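Biologist: I am new to this structure. Please show it, and then I will ask what stands behind the terms used for it.

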Amino acid sequence: MISVLAVMCAPWRQVVRNEGTDDDREIELEAFDPDQAEQIDLLAWYAFAMAVRKQEKPDREAQPFDRWIADLRLPDAGYGPREFWGARRDGELVATASAYLLEGESDQVALTSITVVPDRRRAGVGTAVLHLLLPLLEARGRTVVEGWDLPEDGPGRRWANAVGLRTAKSMVVQWLDTADVDPVAWEVSVPDGYRVVDWSGEVPDESVDSFARALTAMRDAPIGESGVVFPVWTVDLVRKSEAELRTSGIGRRGVLAVNEATGEVAALTLLDFYPTLPTWGVQRDTVVVPAERGRGLGLCVKARMLRWLREQRPEIDRVHTGTGSDNEHMIRINHLLGYRTTSVSVGVNAKISELRDRRVEVAGQETG
Ligand SMILES: CC(C)(COP(=O)(O)OP(=O)(O)OC[C@H]1O[C@@H](n2cnc3c(N)ncnc32)[C@H](O)[C@@H]1OP(=O)(O)O)[C@@H](O)C(=O)NCCC(=O)NCCS
């Protein structure tokens, strides 16, 4: 049984209790604000994060506190506001959760992540936290819970499927280690009838209108049964997202292929640079508008980006990208450029109402 005992105890506090965990101990869920939290709570979250990191990435060193907190305080641009919660059992921080409240066409989705500290797993904590979160997400206008980037064969996917979140999309994760690739692979000429425009930070004014139209063609990219809908981009939305990137300290580089006859953007690719990942580039959208497909423009703009990277940002030694597993063309282009596939991750989702109904049904079977 889940009961809400107290709400809004302090500006960033909200206490909800679950009496239904396997060992019948209370789980207390409490809102957490990394910008305002007290040092003692930040240290508890840091210890939690490092315990999880040690288990999941044993070969990696612990992150220094300062870098970890900078990372936590920097929301990813373009996903809307993010909220955090901590779950305690007998005062111990046993789980953390976060949700991005997506905006625009996807404003019914809470992009949610729940993590249980390794030595408290398989005791019902993750499930309890999910069910404590549901009413809070509904109160924020959400009807769908979605989770991304779960390793295909990891505990997250198994748990999610067990508690009623279906596998909604699959992504191939690919890395390009610049030192391992012969840059000859990036010597790709521009097809006749097109010119290439590169920019940093903001799309040039003369191209932004057709850039918005071209970016809207991302709606064709296969994303399985995700509840997320790619936006219809407008110039205002492009400028707003650029401003968000600036606020988050994220650098952006873009390469456009422009059709010389029409002056329209035919293809584009975007690469982001995060202050917390100083030697990484993060590949964002690449798209060729439908009428221009099959002419090598996707390969051309991505190759141009890599040549620029090598010349202008030699400190970047890895580029990271994720592509829908059924997006054969993009995966093939990435292989031609020297990317290697490192893993497959999945996205999961469910309607909040389905999860609640299922919980009632399972509880009914247990007691009945
Ligand atoms: C996924 C995660 C949150 C699960 O938390 P948890 O408290 O261990 O999960 P629960 O005890 O509530 O598990 C409920 C059921 O899910 C299934 N399940 C959970 N973990 C599983 C695993 N590693 N392998 C197979 N099934 C699993 C089981 O059916 C389990 O019931 P059972 O223990 O009676 O068999 C935890 O493993 C975790 O933090 N993983 C890393 C972060 C992550 O992947 N989060 C995903 C959500 S965004």
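Modeller: Among contacts in the chain between residues at least 6 apart in sequence, 67% join residues at least 24 apart; contact means heavy atoms within 4.5 Å. This is a predicted model, in which local features need pLDDT of at least 70 and side-chain atom pairs count only at pLDDT 80 or more, while totals for chains, interfaces and linings use all residues. Residues are numbered from 1 along each chain as its sequence is written, and side-chain values use heavy atoms, with hydrogens and water left out.

Biologist: What makes the chain as compact as a globular protein of that length?

Modeller: The chain has nine helices and 14 strands; these are DSSP runs (H or I, at least four residues, for helices; E, at least two, for strands), numbered from the N terminus. Its radius of gyration is 22 Å, close to the 21 Å that the globule rule gives for 368 residues, so the chain is as compact as a globular protein of that length. The radius is taken over C-alpha atoms, and the rule is 2.2 Å times the number of residues to the power 0.38.

Biologist: Why is Thr269 called buried?

Modeller: Buried means under 20% relative accessible area, exposed over 50%, and partly exposed in between (1.4 Å probe, protein chains only). Thr269 has 0% relative accessibility, so Thr269 counts as buried. Thr269 belongs to strand S11 (residues 265-273). Of the 368 residues in the chain, 46% are buried.

Biologist: Which side chains make polar contacts with the side chain of Thr269?

Modeller: One is that of Gln283, at 2.8 Å, and another is that of Thr286, at 2.7 Å. A polar contact is a pair of N or O atoms within 3.5 Å; within protein, one must be able to donate a hydrogen and the other to accept it, and residues adjacent in sequence count only if both atoms are side-chain atoms.

Biologist: What is the largest nonpolar core made of?

Modeller: That core has 31 residues, and those with the most contacts inside it include Ile27, Trp85 and Leu133. Helix H3 (residues 125-139) gives the most to this core, with nine residues. A nonpolar core is a set of buried Ala, Val, Leu, Ile, Met, Phe, Trp, Tyr and Cys residues joined through side-chain atoms within 4.5 Å.

Biologist: How many residues are in the second, separate core?

Modeller: The second core has 27 residues, among them Ala267 and Met305. Met305 is also one of the residues that Thr269 touches, not counting residues up to four places away in sequence.
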